[in-house]
Amino acid sequence: TSAIPAGTPLSSLVDLRMTGKIRLGGRWLPFTADQRLRAGVGFVWAPVVGGRVIRFVGADALGPDGARIEFRFHGRIPVVRGSGPDIHRSALGRLAAETVAWLLQSLTPQAGARWAGIDEHRAVVTLDAAGSDVEVEVEVDATGQLRSIGLQRWNDSVDPPTEAPFGGTVDSSLTNAAGVRIAESGVVGWDWRTTDQAAGEFFRYRVAAATFAPSPSKEVSRP
């Protein structure tokens, strides 16, 4: 709660603007993206990946009708398109992890989050991710700043799909005008905290802006 000033309105929705690099086929490509994230409901991540020669445009989304992913080469030629139960199950883990990173107001008991401590710096929070409970391990430093996120997430890209360690570091924090401190930059990947962690990293991000929409008549209160 040190990242949320007392009296801050609870928020279930955030709009993000970010930049970074994503690894596709063993190659790191730059991206810019807009994202809308609604706690407990879903997200739409809309990036432009690559440059003038190699360029992909599309979206990765989770909503009431399920999860889908679709990307086109230069916005015209379909190169990735998918939906179905495995993609949906994987998206639930992403929703929970990104809620921890970017919607801290939804991690309060008032918002339905359930916490269980592990040690001085780690705890597990259970969140409602579009109707499914997902457990996320959260690590903070001595000042309460978020340092890492980890969970068992459904990996739909392996055959057969299975749960696998997933997570990432938080290297810096972004404080918005209301004083809410969220993850600003970090690295994300599969095989989190295993010997294959470096090989599993595929996403490096930096959040440039975050705009919250408050939930009516709710505030964060702290002792």
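In this predicted model, the side chains of Glu137 and Arg122 are joined by a polar contact of 3.5 Å. The two residues sit 15 places apart in sequence, with their C-alpha atoms 7.0 Å apart in space. Glu137 belongs to strand β9, which covers residues 132–140.

How exposed is Glu137? Its relative accessibility is 22%, so Glu137 counts as partly exposed; the cut-off for buried is under 20%. Apart from neighbours within four places in sequence, Glu137 is in contact with Ile118, Arg122, Ala123, Val124, Ser148, Ile149, Gly150 and Arg193.

**Aromatic rings**

Let's move on to the rings.

| Pair | Centre to centre | Angle between planes | Arrangement |
|---|---|---|---|
| Phe166 and Trp190 | 4.8 Å | 65 degrees | edge-to-face |
| Phe166 and Phe202 | 6.3 Å | 40 degrees | tilted |

Why is the pair of Phe166 and Phe202 called tilted? Its planes stand at 40 degrees, and stacked pairs are under 30 degrees while edge-to-face pairs are over 60, so the rest count as tilted.

Which parts of the chain do these pairs bring together? Phe166 lies in strand β11 (residues 162–175) and Trp190 in strand β12 (residues 181–190), so this pair ties together parts that are 24 residues apart in sequence. Phe202 lies in strand β13 (residues 201–219), so its pair with Phe166 in strand β11 ties together parts that are 36 residues apart in sequence.

Phe202, at 22% relative accessibility, counts as partly exposed.

Both pairs also belong to a wider group. Phe31, Trp45, Trp102, Phe166, Trp190, Phe202, Phe203 and Tyr205 form one aromatic cluster.

**Charges over rings**

Arg89 lies over the face of Trp154, 3.7 Å from the ring centre. At the other, the ring of Trp28 has the charged end of Arg204 sitting over it, at 3.8 Å from the centre.

Methods: Residues are numbered from 1 along each chain as its sequence is written. This is a predicted model: local features need pLDDT of at least 70, side-chain atom pairs count only at pLDDT 80 or more; totals for chains, interfaces and linings use all residues. Side-chain values use heavy atoms; hydrogens and water are left out. Rings of Phe, Tyr and Trp (its six-membered ring) pair if their centres lie within 6.5 Å; planes under 30 degrees apart count as stacked, over 60 as edge-to-face and the rest as tilted. Helices (H or I, at least four residues) and strands (E, at least two) are DSSP runs, numbered from the N terminus. Buried means under 20% relative accessible area, exposed over 50%, partly exposed in between (1.4 Å probe, protein chains only). A charge sits over a ring if NZ of Lys or CZ of Arg is within 6 Å of the ring centre and within 35 degrees of the ring normal. Contact means heavy atoms within 4.5 Å. A polar contact is a pair of N or O atoms within 3.5 Å; within protein, one must be able to donate a hydrogen and the other to accept it, and residues adjacent in sequence count only if both atoms are side-chain atoms.
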